[in-house]
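Work through these exercises with the structure open beside you. Try each task before you read its solution.

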Amino acid sequence: MKVFLKIALLCSLSAAAWGAEENFEQANVETTLPAIKRGADEVMGNCHACHTLKYIKYRDLVALGISQAKVDGWRGDEPMDAPLKAQMSEADAMAAFNKVPPDLSLMSQARDGGVNYLYSYLIGYFNKPDGTLSNHIFAETKMPDMLGMSNATDEVQKTAIKAKARDIVSFLNWTTDPHAAERIQLGKYVIAYLIVITTLLYLVKRQIWARIKYK
Amino acid sequence: MANNIMNWIDKRFPATEFIKHSLTEYPTPKNLSYWWNFGSLAGIVLLLQLITGIFLAMHYKADVELSFNSIQHIMRDVNYGWLLRYMHATGASAFFFVIFTHMARTLYYGSYRAPRELLWWTGQGLLLLLMATAFMGYLLPWGQMSFWGATVITNLFKAIPFVGDSIVTLLRGDFTVGDPTLTRFFALHYLMPFVIVGAVLIHLVALHTVKSSNPTGLELPAKDNIPFHPYFTIKDLFGLGVFLIFYSVFVFFIPTSLMEAANNIPANPMVTPNHIVPEWYFLPFYAILRSVPSLVGGVVAMGLSVVIFAFLPFLDRSRIPGGARYRPVYKAQFYVFMTVTIVLGCVGYRPPTSAAIAIVGQIATVMYFGSFLLLPFISKMEERWLIKRGLPAIVMALINEEAAEIEKHKQKKNQRNGVKS
């Protein structure tokens, strides 16, 4: 039975590995506050013009630790409890791209590959031989190359763009699950508690079962 | 004082008797392994799902315009809403994991065999209820995979002759999956768990009549039974602790590992996802569905793949008691079956694009049903071989005893017939 369980586990793990069909660049997403804040700057500067973040309110950004002055600059006349709407109207977006740009609140988990997909996509722009723009991850994309990867000429530029992309992914990873840090912290306590109580239960179990005599 | 109160109650309600019958004096085989923990564990997971589900329902809105947003409201604004939702979503997978293990134990040790057929069948009913509940619950987040999964599965009912289309419309409340579908699935998803609780009580009444099986498959003498409490209450509690550690790892550290990315996109009837894949616990059955070339055949095969477990008490013809303990061939069959099921699971996960995968799926499907249909012959052949090879005295004694009983029964019958004629 034990051997079988091991085989079953290996099978299911390899099945999970099977699932990842494309090879994405590893985002190695940062969950530190400075990275998320840098990402917020990048998103508000590069993405917010067209994309909504409808599950995030301006108040959430202040609660995260971004300065009130900065958030006030971003929100303009919008109230603190307003969701982050795109600066461009949906009608304008339809006119420009023939498609409403997707909401970004859940984007870091809305594609197979998750954060790695997003990172690879952001740095995946290149110029085809005929001069038109394309993307390694999503060739039909209508989004312009906001970070300028397709025009980067040297490694220094590329490294800087990759760092920006990583920060954007960090921020969007936070918007997808703002309670993740709290969850992981709580999880450590819960599991520590469970290990202690399970050990105690095991000792009690041994003590109680010691009364039984086997033939 | 406490005694007086208990006396007062006992005159009106058999409380003490009940506690004695089902806990402090309930005889349980002392040789049960940890594989016997999964029954009570399933009960606790059911409670966990009920409690988290009720609190989620306080914040959830079953409306195509609102439900996706209400999930995000639970995840972001409700106090510990993220915990409730991740516990409930992980709990569904945990429930199936526990139930599948519980079933695998029953298969391995032959616990479904006489006199536990009714216990096994009530368990089968529970599995069907659980599957229906899980399927309807999966629609509620109203993501892309929710919508398309429900569309594909409700479509299967079209295979029913004559009334198929009407049944599909009845299930959906509309011609396509839409707002009426969501509302009725929510109503039923809230109702079904309580039906399950009732079915669990029936399952327990059956269990407490025939008592637990044990690894040997033999009926143990009274001296080898010990009271359920305190021995198995503490053993089950310890098992629960171990289970909760694994469960918490999923809830707190990898809660999205079993969720599909496409379900983070709101349902859109105009856009079909590249690859519609059910939750992991339906994958083997889904693979069987896809392995049969025709729709009707596939639906019948899939239905049969779940229901066929109920026929096991009839299919296992061996006179050797129990399951794998004294029966090496049966044991080998068990492992083949488990492997085939996992292979089917892997096949179900893959998009149906390559011919190789399709063939592996078809071979596995044949082997899946073969495991059941060949069992009567294999179990008989195994019995003859094992009796020739020699079995432990205690097993032989039991077989001979049974044979003598049947012989006696026959003679009586012959005598009666003889008198008559």
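**Exercise 1. Find the place of B:Trp142 in chain B, then decide whether the residue is buried or exposed.**

Step 1. B:Trp142 sits in the loop between H6 and helix H7 (144–155) of chain B. Helices (H or I, at least four residues) and strands (E, at least two) are DSSP runs, numbered from the N terminus.
Step 2. B:Trp142 has 7% relative accessibility and counts as buried. The cut-offs are: buried under 20% relative accessible area, exposed over 50%, partly exposed in between (1.4 Å probe, protein chains only).
Step 3. Now look at the backbone. B:Trp142 is not a glycine, yet its phi is positive, near 55°.

Before going on, note the ground rules. This is a predicted model, in which local features need pLDDT of at least 70, side-chain atom pairs count only at pLDDT 80 or more, and totals for chains, interfaces and linings use all residues. Residues are numbered from 1 along each chain as its sequence is written, chains are lettered from A and ligands numbered from 1 in the order in which they are written, and side-chain values use heavy atoms, with hydrogens and water left out.

**Exercise 2. Describe the phi of B:Tyr80 and the place of this residue.**

Step 1. The phi of B:Tyr80 is positive, about 55°, although the residue is not a glycine.
Step 2. B:Tyr80 belongs to the loop between H4 and H5 of chain B.
Step 3. Its relative accessible area is 46%, so B:Tyr80 is partly exposed.

**Exercise 3. Work out the surroundings of B:Arg116.**

Step 1. B:Arg116 is in the loop between H5 and H6 of chain B.
Step 2. With a relative accessible area of 6%, B:Arg116 is buried.
Step 3. Set aside neighbours within four places in sequence. B:Arg116 is then in contact (heavy atoms within 4.5 Å) with B:Ser111, B:Val210, B:Lys211, B:Ser212, B:Ser213 and B:Glu219.

**Exercise 4. How many salt bridges does the structure hold, and where does the pair A:Lys57 and B:Asp77 lie?**

Step 1. Start with the rule: a salt bridge is a side-chain nitrogen of Lys or Arg within 4 Å of a carboxyl oxygen of Asp or Glu. Side chains of opposite charge can pair when their charged atoms come close.
Step 2. Over all chains there are 15 salt bridges.
Step 3. A:Lys57 and B:Asp77 form a salt bridge at 3.6 Å, N to O. This pair crosses between chains, from strand E1 (residues 53–57) of chain A to the loop between helix H4 (67–76) and helix H5 (81–108) of chain B.
Step 4. A:Lys57 is partly exposed at 24%, and B:Asp77 is partly exposed at 41%.

**Exercise 5. Which network of salt bridges includes B:Asp316?**

Step 1. B:Asp316 pairs with B:Arg327, with 2.9 Å between the closest N and O atoms. The two are eleven residues apart, in the loop between helix H13 (312–315) and helix H14 (328–349) of chain B.
Step 2. B:Asp316 and B:Arg327 are both buried.
Step 3. The network links B:Arg113, B:Asp316, B:Arg327 and B:Glu382.

**Exercise 6. Describe the interface of chain B and chain A.**

Step 1. In contact are 47 residues of chain B and 46 residues of chain A.
Step 2. One salt bridge is found across this interface.
Step 3. H4, H5, H10 and H14 of chain B each supply at least two residues of the side that touches chain A. The largest share, 16 residues, comes from H10(B).

Terms used:
Buried area = accessible area lost by both parts, 1.4 Å probe.
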